[in-house]
Amino acid sequence: MNKIVKFGEEVKDYSIPVLNEREIRAAAGMLFLLMLISILVVILKGDFTLLKYAVTIFLTDIVIRVFVNPKFAPTLIIGRLIVRNQTPEYVGAPQKKFAWIIGFVMAVTMYILLVLVNSYSPVTGLICFVCLIFLFFESAFGICLGCKFYPLFFKGKVQYCPGEVCEIKDRHEIQKTSVSQLLIVLAFLGWIVLSVVVFKDFYAEKPFDLFGLETPAQTK
């Protein structure tokens, strides 16, 4: 039974149970895509059906992760298959469990309010937004936002963080950002704002059918 219900895996040369960050990021990417599409359907069509399924899937997956074993969570299994040819990047299991408990609380709240009660409110909207942010940072940047809160509740040093961010070290030259690079980013943001102001009406015009493939009824 202990081999089934456990959190993290024992790996040689690692003093605590660890998980593979690469498959975690892959799973986060899949869940992010599912949640994003579901939320867009709600925004564009007012249809909550897909979002209810997405919340159910998310809750089921995270229950297995936290209370059974991450290696049996469906999205992590799929993630493992996707990244199976990549070298594992081991991360400490304790901080991941804490982060996923936060996800579990949000998923349960969403399931109760949206699925069981069949309601929507600023609370459900805020939780959806936070979930998207958490999943996006994990999948795109390998940054576990939930893990950042772990040291606030547990004493002791956090071990084996993605990209070795737990360790104090000097940045490599290729990691350093110059003043000119920061100015480029600011100029880029300024260009985006300027584009919105100057080209707002121009971009709002509906494109015409270049090859005339649509029927007159479809263009109306």
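**Close-up views of a predicted model**

**View 1. Leucine 135 and its contacts.** Setting aside neighbours within four places in sequence, leucine 135 is in contact (heavy atoms within 4.5 Å) with Ala28, Leu31, Phe32, Met35 and Phe58. This is a predicted model, where local features need pLDDT of at least 70, side-chain atom pairs count only at pLDDT 80 or more, and totals for chains, interfaces and linings use all residues. Residues are numbered from 1 along each chain as its sequence is written, and side-chain values use heavy atoms, with hydrogens and water left out.

**View 2. The largest nonpolar core.** Such a core is a set of buried Ala, Val, Leu, Ile, Met, Phe, Trp, Tyr and Cys residues joined through side-chain atoms within 4.5 Å. Buried means under 20% relative accessible area, exposed over 50%, and partly exposed in between (1.4 Å probe, protein chains only). Of the 31 residues here, Leu19, Leu51, Ile62, Trp100 and Leu135 touch the most other members. The largest share, 8 residues, comes from α1.

**View 3. Glutamate 138 with lysine 96.** These side chains meet in a salt bridge at 2.8 Å, N to O; the term means a side-chain nitrogen of Lys or Arg within 4 Å of a carboxyl oxygen of Asp or Glu. Glutamate 138 sits in helix α5 and lysine 96 in helix α4, so the pair ties together parts 42 residues apart in sequence. Helices are DSSP runs (H or I, at least four residues), numbered from the N terminus. Glutamate 138 is buried at 7%, and lysine 96 is buried at 1%.

**View 4. Arginine 65 with aspartate 61.** Here's another salt bridge, at 2.8 Å, N to O. Arginine 65 is buried at 6%, as is aspartate 61 at 3%.

Technical notes: Helices (H or I, at least four residues) and strands (E, at least two) are DSSP runs, numbered from the N terminus.
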